[in-house]
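Subject: The structure you asked about

Hello,

Here is the structure for you to look at. Please open it first, then read my notes beside it.

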Amino acid sequence: MFLGDTIMENNLNEAILDKLTKTCTCKAIPRSKIKEAIKNGASTIKEVQKATGAGSGSCGGRNCSPRINDLLKQSRENI
Ligand code: FES
């Protein structure tokens with residue numbers, strides 16, 4: 001196996017996990033959708049919520065807002 005194969009495999013695993021992991025459990029919104037919103041320019045929790053519908057579930061965003069914040073932080077660190 002080559003290094004490129006391992007990197008590709010890791011990216012694939014991450015993509016699969018992003019689709020399976022629900023960032024907003026109330027609305028069943030996957031991490032992939034949150035990341036896509038951030039990639040498309042959402043830069044605050046409110047903007048991500050507006051773009052994805054996250055935060056509008058029964059907990060009012062209490063559970064998913066910290067997870068969205070972590071993803072925003074991660075994306076800023078990776079610039
Ligand atoms: S987890 Fe997102 S609104 Fe409850």
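Below is what I found, from the overall fold down to single residues.

Keep in mind that this is a predicted model.

Overall layout

The protein has 4 helices and 2 strands. Along the sequence they come in the order α-β-β-α-α-α. The C-alpha trace spans about 45 × 25 × 15 Å along its principal axes. Of the 79 residues in the protein, 19% are buried. Now take the contacts between residues at least 6 apart in sequence. Of these, 41% join residues at least 24 apart.

The core

Which residues make up the largest nonpolar core? There are 10 in all: Cys-24, Ile-29, Ile-34, Ala-37, Ile-38, Ala-42, Val-48, Ala-54, Cys-64 and Ile-68. Helix H2 (31-39) and helix H4 (64-77) each give at least two residues to this core. H2 supplies the largest share, 3 residues.

Look at Val-48 next. Leave aside its neighbours within four places in sequence. Val-48 is then in contact with Ile-34, Ala-37, Ile-38, Ala-42, Ala-54 and Ile-68.

How H2 meets H3

Two packed helices are described by the angle between their axes and the distance between the axes. What are these values for H2 and helix H3 (residues 45-52)? The angle is about 115 degrees, and the axes are 9 Å apart. The crossing of H2 and H3 is right-handed.

Several residues meet here. From H2 come Lys-33, Ile-34, Ala-37 and Ile-38. From H3 come Val-48, Ala-51 and Thr-52. By class, this contact has 5 nonpolar, 1 polar and 1 charged residues.

One face of H3

Which residues of H3 are buried? They are Val-48, Gln-49 and Thr-52. Look down the axis of H3, and these buried residues fall within an arc of 100 degrees, so they line one face of the helix. What do they pack against? The buried residues of H3 pack against E2, H2 and H4.

Just after H3 comes Gly-53, with a positive phi of about 90 degrees.

Two loop residues

Find Ala-28 first. Ala-28 sits in the loop between strand E1 (22-24) and strand E2 (29-30). Is Ala-28 buried or exposed? Ala-28 is exposed, because 12 other C-beta atoms lie within 10 Å, and a residue counts as exposed at 12 or fewer. The phi of Ala-28 is near 55 degrees. That is a positive value in a residue other than glycine. Ala-28 and Thr-44 are 16 residues apart along the chain, and their C-alpha atoms are separated by 20 Å.

Then find Asn-40. Asn-40 lies in the loop between H2 and H3. Asn-40 counts as exposed because it has 10 C-beta neighbours inside 10 Å. In sequence, Asn-40 and Asn-63 are 23 residues apart. From C-alpha to C-alpha, Asn-40 and Asn-63 are 23 Å apart.

Where to start

Begin with Val-48, if you like. Val-48 belongs to the largest nonpolar core, is one of the buried residues of H3, and is among the residues where H3 meets H2. Then turn to the two loop residues, Ala-28 and Asn-40.

Best wishes

Key
Residues numbered from 1 in each chain as written. Predicted model: local features only at pLDDT ≥ 70, side-chain atom pairs only at ≥ 80, totals over all residues. Buried ≥ 20, exposed ≤ 12 C-beta atoms within 10 Å, placed from the backbone. Contact = placed C-beta atoms within 7 Å. Core = buried A, V, L, I, M, F, W, Y, C linked by C-beta atoms within 7 Å. Axes fitted to C-alpha atoms, helices over the stretch in contact; angles between N-to-C directions. Left-handed = near helix turned anticlockwise from the far one by under 90°. Nonpolar A, V, L, I, M, F, W, Y, C, P; charged D, E, K, R; others polar. Arc of directions from axis to C-beta.
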